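Thanks for making time. I have one structure to take you through, and I will keep to what can be read from the model.

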Amino acid sequence: MTIFNDQMFITKRFRSSSEFSLYIEERVVKERLGYMDAIIDYCTTNDVEIDNIGSLVTPSLKEKIQLEAEESNMMKPRGKLPI
């Protein structure tokens, strides 16, 4: 009997962090979800711990999650230069 841990499941489904990020991007667009909602839904649906997907989140996806959190006042906004 083989026991699959979260990391094995994730890497079996997605070969790279780019693939995972593209999957999340598609869900955000198609299902009109927020980035965090799409990630949480993926983890819940596939019974994966959220802590185990950190290595799959690309810098671009992290930036989008941060902007989403700032816009919804979940996080203090970063300073912006006046233009």
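Predicted model: local features only at pLDDT ≥ 70, side-chain atom pairs only at ≥ 80, totals over all residues.

Residues are numbered from 1 along each chain as its sequence is written, and side-chain values use heavy atoms, with hydrogens and water left out.

The fold first. The chain has four helices and zero strands, and along the sequence the pattern reads α-α-α-α. Helices here are DSSP runs of H or I with at least four residues, strands are runs of E with at least two, and numbering starts from the N terminus. Of the 83 residues, 29% count as buried. Buried means under 20% relative accessible area, exposed means over 50%, and partly exposed is in between, with a 1.4 Å probe and protein chains only. The accessible surface of the chain is about 6300 Å², and 56% of that belongs to carbon and sulfur atoms. Those areas come from the Shrake-Rupley method with a 1.4 Å probe, and for residues only the protein chains shown count as cover. Contact means heavy atoms within 4.5 Å. Among contacts between residues at least 6 apart in sequence, 54% join residues at least 24 apart.

Now the rings. The structure holds five aromatic pairs. One of them is F14 with F20, an edge-to-face pair at 5.3 Å centre to centre and 80° between the planes. F14 also pairs with Y23, and this pair is tilted: 5.3 Å between centres, 50° between planes. The rule is that rings of Phe, Tyr and Trp (its six-membered ring) pair if their centres lie within 6.5 Å; planes under 30 degrees apart are stacked, over 60 edge-to-face, and the rest tilted. Ring pairs link F14, F20, Y23 and Y42 into a cluster. Why do we call F14 buried? Because its relative accessible area is 4%. F20 counts as buried too, since its value is 0%.

Next, L61, which is found in helix α4, residues 59-71. Its relative accessibility is 1%, so L61 counts as buried. Which residues does L61 contact, leaving aside neighbours within four places in sequence? They are S21, I24, E25, Y35 and I39. Y35 and L61 are 26 residues apart in sequence, with 8.1 Å from C-alpha to C-alpha.

T58 lies in the loop between α3 and α4. At 12% relative accessibility, T58 is buried. Not counting residues up to four places away, T58 touches S17, S18 and S21. S21 is therefore a contact of T58 and also of L61, by the cut-off of heavy atoms within 4.5 Å.

Most residues other than glycine have a negative phi. R32 is not a glycine, yet its phi is positive, about 50°. R32 sits in the loop between α2 (17-31) and α3, and at 77% relative accessibility R32 counts as exposed. D47, also not a glycine, has a positive phi of about 55°. D47 is in the loop between α3 and α4 and is exposed, at 66%.

That is what I have; questions are welcome.
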